[in-house]
Amino acid sequence: MNICVFLSAADLADRYTRPAKEFAKLLGKGGHTLVWGGSDVGLMKVVADGVQEAGGRLLGVSVEFLAAKARPGTDEMVVARDLAERKRVLLEKADAVVIMVGGTGTLDEATEILELKKHGHTEMPVVLLNTAGFYDGLKEQFRRMEDEGFLPRPLTDLVFFAEEPVGALAYLEESRGVA
């Protein structure tokens, strides 16, 4: 399975990197391909290292203005013109999406895939990995959107909230019929 992971390129504390490494190891051992922003820095590097070390494949999608930070030695690297094209290519190459901790770029990517699902333009499974409660506020906001009628589909149809890496991958594999 090609699993797109949206996440930060920042250097982060162990409470975020440890679960990311765990997820990466599970992804690689499962024989899956990491589809990610292609950067060789911060949390993006941590996850790519973990996937590669565990035997998984790496498919990066960088962007021209960040190409100098692109990871060498990937199985495939695409360099997009701009961020909009990067998101489009990431999603085209994905069978499933995991949203890990991140900043405004990650939030932008997360809302785009959820908007596509909301309107029925994709049915790929989406997991929000709520490491160390990072997305508790966002989860609450999504629930409010659902409760107050802003979502035409149940929240559970749009996104699965996982607290642990093993639950995130198990949900994706079950959703995609991967043993």
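What follows is a walk through the strands and helices of this structure.

The model is a predicted one, so to speak of a local feature a pLDDT of at least 70 is needed, side-chain atom pairs count only at pLDDT 80 or more, and totals for chains, interfaces and linings use all residues. Residue numbers start from 1 along each chain as its sequence is written, and side-chain values rest on heavy atoms, with hydrogens and water left out. Helices (H or I, at least four residues) and strands (E, at least two) are DSSP runs, numbered from the N terminus.

Six of its seven residues are buried, so E3 is largely enclosed by the rest of the structure; buried here means under 20% relative accessible area, exposed means over 50%, and partly exposed lies in between (1.4 Å probe, protein chains only). E3 pairs with strand E2 (residues 33-36) in the parallel sense, over four bridges, where pairing takes at least two DSSP bridges between two strands. Leu59 of E3 is the bridge partner of Val35. Strand E4 (residues 76-80) also runs parallel to E3, joined by five bridges, and here Met77 of E4 is the partner of Gly60.

Between E2 and E3 comes helix H2 (residues 42-53), and the three make a right-handed β-α-β unit. Right-handed means that, with the strands pointing away from the viewer, the path from the first strand over the helix to the second runs clockwise.

Thr17 sits in helix H1 (residues 14-29). Its relative accessible area is 10%, so Thr17 counts as buried. Setting aside neighbours within four places in sequence, Thr17 is in contact (heavy atoms within 4.5 Å) with Leu12, Leu43 and Val46.

Helix H3 (residues 83-92) has a list of buried residues that includes Glu85, Arg86 and Lys87 as well as Val89, Leu90 and Leu91. Where H3 starts, a side-chain oxygen of Asp82 comes within 3.3 Å of the backbone nitrogen of Ala84.

Leu138, Lys139 and Phe142 are its buried residues. They lie on the same side of H5 because they cover an arc of only 105° around the axis, taken from the directions from the helix axis to the C-beta atoms. On the other side, Gly137 and Asp147 are exposed. The buried residues of H5 pack against helix H4 (104-118), strand E6 (126-129), helix H6 (155-158) and strand E7 (160-162). Just past H5, Gly149 has a positive phi of about 85°.

Note on methods. Polar contact = N/O pair within 3.5 Å; in protein donor to acceptor, adjacent residues only side chain to side chain.
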